[in-house]
Amino acid sequence: MVPAGSAADGRKRRWRYAPNVMDVRSFCAQSRVLVVAGKGGVGKTTMAAALARMAADAGLSVLVVELEGRTGMSSAFGHATALAYDATVLSAAGATEVEDGTDPPAGAVPPGTVHARMVTPDDALLEYLADHGMKRISKRLVSSGVIDVVSSAIPGIRDILVLGKIKQLERDRVADLIVVDAPATGHAMTFLSSASGLLAAARGGPVRAQAADVVELLTDPARCQVVLVTLPEEMPVNEAIEAAYRLEDEVGVALGPVIVNGIQEPPGGPGLAAAPAAARAGVVLDEARIAALDDAWAFRHSRVALQAAQASRLGAELPLAQLHAPFVFSATIGPAELERLARALAMGVAAIPQQQPVAP
Ligand SMILES: Nc1ncnc2c1ncn2[C@@H]1O[C@H](COP(=O)(O)OP(=O)(O)O)[C@@H](O)[C@H]1O
Ligand SMILES: [Mg+2]
């Protein structure tokens, strides 16, 4: 990671910081690649977007790598188009500006900016072949479905192609931070353990070399960490705990903080006493309405208590810092909601003790 305030080319740059920036910058400096993982539907894509927003708000350059290609990532940044293999600008520099006007190195993401790209095995293979002098045949190989034949012959090759591309992006320092929106847990476990599997199976050649590079990336906490996302509910918390231990044991990847997504605010208002409150406000409510209001308040209150209990159970069983993201009551997550989520994550980051233990 390029240290705060210095450019890759060594020239000094001056920055304007938002108040929480130092915390976020040192958090992001812990690892160049954050793989956002978790069970389907817990908010991986949304939290990957929020982490990217948070880092860019702190003046960092961010590349989001999307693997499953839905449109959630684009729409969170206010774009309608789906992502492509070539990098798209999701968000140009805003809060933080480079004041001396020097241009960033060619191909790099500018500071304070979020770029994103889709990485599929087919595209990664095409590029791999082109880079290795097989450009002429590469298109034909992919369009004729050779990739499918190869994948069934060599299990894990698809994952290695994708992770190999991520490794290349990391090695080329295209951005201060690369945020990977990983597949859902089951697949993510296979995805991340493919490299060590192949390393054990392949005796030599380019596949083994690629697998070795990927294992090196995944097992170096300064280069790659997994951020697990979960919901503050019984089953998702159980799954997050299991996934965390498996990721450490089977993949050997370091774990960053866990994001607990969808935290609800305690209900406001007068509490379990709609009748006196209505009387005070001079509103006449029938008994059924009063009962319904009391029920709604009690329900919200019990949800909040349940969420708090699950979050503290997660903390007790998994000794990792937690970042809490609020449940956003909104039909869709767009730039305004994303900013709110990013700020919540930044607040969580600011509360992490500086010397967070890094998993072996
Ligand atoms: N904190 C949140 N508040 C409100 N809605 C959310 C939140 N996080 C995610 N969502 C919504 O939940 C759904 C699933 O989120 P998504 O990020 O696509 O999950 P995943 O990538 O894990 O499948 C989406 O409709 C998303 O907009
Ligand atoms: Mg997703």
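**Exercise 1. Identify which residues of helix α12 are buried, and what covers them.**

Solution. The model is predicted: local features need pLDDT of at least 70, side-chain atom pairs count only at pLDDT 80 or more, and totals for chains, interfaces and linings use all residues. Residues are numbered from 1 along each chain as its sequence is written, while chains are lettered from A and ligands numbered from 1 in the order in which they are written.

Step 1. Apply the burial criterion: a residue is buried if 20 or more other C-beta atoms, placed from the backbone, lie within 10 Å of its own, exposed if 12 or fewer, and partly exposed in between. In α12 the buried residues are Gln 307, Gln 310, Ala 311 and Leu 314.

Step 2. Look for the cover, using contacts (C-beta atoms, placed from the backbone, within 7 Å). The covering elements include α10 (234–251), β8 and β9 (322–326). Helices (H or I, at least four residues) and strands (E, at least two) are DSSP runs, numbered from the N terminus.

Step 3. Check the span of the helix. The expected value is 1.5 Å times one less than the number of residues. Helix α12 covers residues 287–317, 31 residues in total, and reaches 45 Å from its first C-alpha to its last, close to the 45 Å expected.

**Exercise 2. Describe the pairing of β5 with β1 and β2.**

Solution. Step 1. Two strands pair if DSSP finds at least two bridges between them. Strand β1 (residues 33–38) is joined to β5 by 5 bridges, and the two run parallel. Strand β2 (residues 62–66) also pairs with β5 in the parallel sense, over 5 bridges.

Step 1. Find the partners of Val 180 in β5. Val 35 stands opposite Val 180, and Val 65 has Val 180 as its bridge partner.

**Exercise 3. Locate the centre of the largest nonpolar core by its contacts.**

Solution. Step 1. Such a core is a set of buried Ala, Val, Leu, Ile, Met, Phe, Trp, Tyr and Cys residues joined through C-beta atoms within 7 Å. The largest one has 95 residues, of which Val 36, Leu 51, Ala 55, Val 62, Val 64, Val 179 and Leu 345 touch the most other members. Helix α2 gives the most to this core, 9 residues.

Step 1. Take Val 64 as an example. Not counting residues up to four places away in sequence, Val 64 touches Ala 48, Ala 52, Met 73, Leu 90, Val 114, Ala 116, Val 179 and Asp 181.

**Exercise 4. State what helix α2 supplies to the shell around ligand 1.**

Solution. Step 1. A residue is near the ligand if its C-beta atom, placed from the backbone, lies within 6 Å of it. There are 16 residues around ligand 1, and Gly 43, Lys 44, Thr 45, Thr 46 and Val 328 come nearest.

Step 1. Sort by element. Both α2 and β8 (258–263) supply at least two residues, and α2 has the largest share, with 3.

Step 2. Follow α2 (residues 44–57) to Asp 57. Asp 57 is buried, with 23 other C-beta atoms within 10 Å.

**Exercise 5. Examine the backbone at Arg 173.**

Solution. Step 1. Arg 173 lies in the loop between α7 (157–171) and β5 (177–184).

Step 1. Most residues other than glycine have a negative phi. Arg 173 is not a glycine, yet its phi is positive, about 55°.

Step 2. Arg 173 is partly exposed, with 17 other C-beta atoms within 10 Å.

Notes. Contact = placed C-beta atoms within 7 Å.
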